[in-house]
Amino acid sequence: MNNYDVIIIGAGAAGLAAGKVCAQASCSTLIIDRADRTGGVLDQCIHNGFGVRYFKEELTGPEFAHRLSIRAKKAGADFALSATVTGIKKLPDGTFHIRALSKNEGVTVYHARAVMLAAGCRERTRGALAIPGGRPAGIFTAGAAQKLLNRSGFLPGKSAVIVGSGDIGLIMARRLRWCGIEVKAVIEIMPYTAGLTRNVVQCLHDFNIPLYLSTSVVKISGTDRVCGITAAPLDRQRQPDMTKAFDIKCDTVLFSVGLIPEMELAGKLGVKENPATGGAVIDSTYSTSVPGVFSAGNMLHVHDLADFAAEEAEYAAKCMIDYLVGVRTVAEFQVKAGENLKYAIPNRISPSAIDSLRFLFRPTVVTDRAVLKAKVNGVTVWNKKLLYVRPAEMISAELKNCNISGDIIFELEETEK
């Protein structure tokens, strides 16, 4: 039995940042990850743009991960890499029993007083979209193609179409072009892009890669290898207009159609899931519905930037430390997402935490002018003007000097001025 105060599952940006904070507070800390190195998906993201907020310096993904890892190690955190958590349960005394399997160590059992779930996300696949056609070679998720190219050094094909405009897909469009692969088009079913504006400009516009919005891929053609796709614009009922369908020849199709939080372990613990995010329901201390289990990073909700995930995990780690020394808060009030918002984080709050808490939102509209409002019992108690709103970019807000006496409903109202 290996005893720790804190066990963190996941060694990506969130897990490493949380591990540093916990270890610095003299909590015995273990970070477990199934990969053979730290960093998670950062290790294959060789483009720059990481660390600007967190380190005040622009870094590549591997550089960002390396710095986070060094900080956690110097703080005193232990690591169990190439280890897959196969079982986790809460014991009657409130502590946790965790079983991990690795090639070198076999089955190892760990014991922890608190657990941080930071295992990140996995990609949605073609199967989630139910696109007709056979199963030829040449179909990848954008992340799988990124790993194949950046980590293994293999080209996925010679000409490609990217389905979906998520950030990984946009970045891969540029990466493929740099490698001499022709990118025929990026096809997005929504009327707006799913990625950050800077990635649309730097990865598509700068390389003259066509972007088709409100368009659906209705067929993938090919027997042994992909030979093309058929796409069609959507009509007013959001259905493919087959009278305007068109074909694009290609030998590779990359899917960048969203991410799904890795919630399997959370389910084994009985953690309540938030249907709006796919992650856990949390209170203002980032504690889940199971006391002693915390969550942060992309496993909680999909972040725009790895910097945000690291910052969030640091805050959650500080809350874990408070939990270990006996600090408990009662999350009396619910936080709900109203008009034009997909979700709000956290989901429950304590009145005592309101002046030190950052709320995060995911908008569902595209607008250049809006007002974010907080309402309690139908009365607006706080508002903030926003000049640029896109579904791809999170909104953050801190409520100061507010009289919160009940459940909060946040609404995003589009304005003309």
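Is the crossing of α1 and α2 left-handed or right-handed? Hello everyone, let's start there. This is a predicted model, and in it the crossing of α1 and α2 is left-handed.

Here is the rest of that pair. Helix α1 covers residues 13-24 and helix α2 covers residues 61-75, and the two pack at an angle of about 25 degrees with their axes 8 Å apart. Because angles under 35 degrees count as roughly parallel, α1 is roughly parallel to α2. On the α1 side, the contact is made by A13, L16, K20, A23 and Q24. On the α2 side, you will find F64, A65, L68, S69, R71, A72 and A75. Sorted by class, the contact of α1 with α2 has eight nonpolar, two polar and two charged residues.

Please keep α1 in view, as it has another partner to show you. α1 also packs with α7, this time at an angle of about 35 degrees and with the axes 7 Å apart. The crossing of α1 and α7 is right-handed, whereas the one of α1 and α2 is left-handed. Which residues make the contact of α1 with α7? From α1 they are A13, A14, A17, A18, K20, V21 and C22. From α7 they are A306, A309, A310, A313, E314, A317, K318 and I321. By class, this contact of α1 with α7 divides into twelve nonpolar, no polar and three charged residues.

Now for a pocket, and α7 comes up again. The second largest pocket holds about 340 Å³ of space. It is lined by 21 residues, and the closest to its centre are D283, T285, V327, R328 and T329. Which helix gives the largest share of that lining? Helix α7, residues 306-324, does, with four residues. By class, the lining of the second largest pocket has eight nonpolar, ten polar and three charged residues.

Let's move to one more pair of helices. Helix α3 spans residues 142-150 and helix α4 spans residues 167-178; their axes come within 9 Å and cross at roughly 35 degrees. The crossing in which α3 passes α4 is left-handed. In α3, the residues that meet α4 are A142, G143, A145, Q146, L149 and N150. Their counterparts in α4 are I168, G169, I171, M172, R175 and L176. The contact of α3 with α4 has seven nonpolar, four polar and one charged residues by class.

What kind of peptide bond joins I345 and P346? A cis peptide bond, with omega about 0 degrees. P346 sits in the loop between β21 (341-345) and β22 (348-349). The other detail is S82, which is not a glycine and yet has a positive phi of about 55 degrees. To find S82, look in the loop between β5 (78-80) and β6 (83-90).

Terms used. Residues numbered from 1 in each chain as written. Predicted model: local features only at pLDDT ≥ 70, side-chain atom pairs only at ≥ 80, totals over all residues. Heavy atoms only, no water. Axes fitted to C-alpha atoms, helices over the stretch in contact; angles between N-to-C directions. Parallel < 35°, antiparallel > 145°, perpendicular 65-115°, else oblique. Left-handed = near helix turned anticlockwise from the far one by under 90°. Contact = heavy atoms within 4.5 Å. Nonpolar A, V, L, I, M, F, W, Y, C, P; charged D, E, K, R; others polar. 1 Å grid on protein atoms, 1.4 Å probe; cavity = no way out; pocket = protein on both sides within 12 Å on 5 of 7 lines; lining within 4 Å. Points joined across faces, edges and corners; volume = space filled by probe spheres on them.
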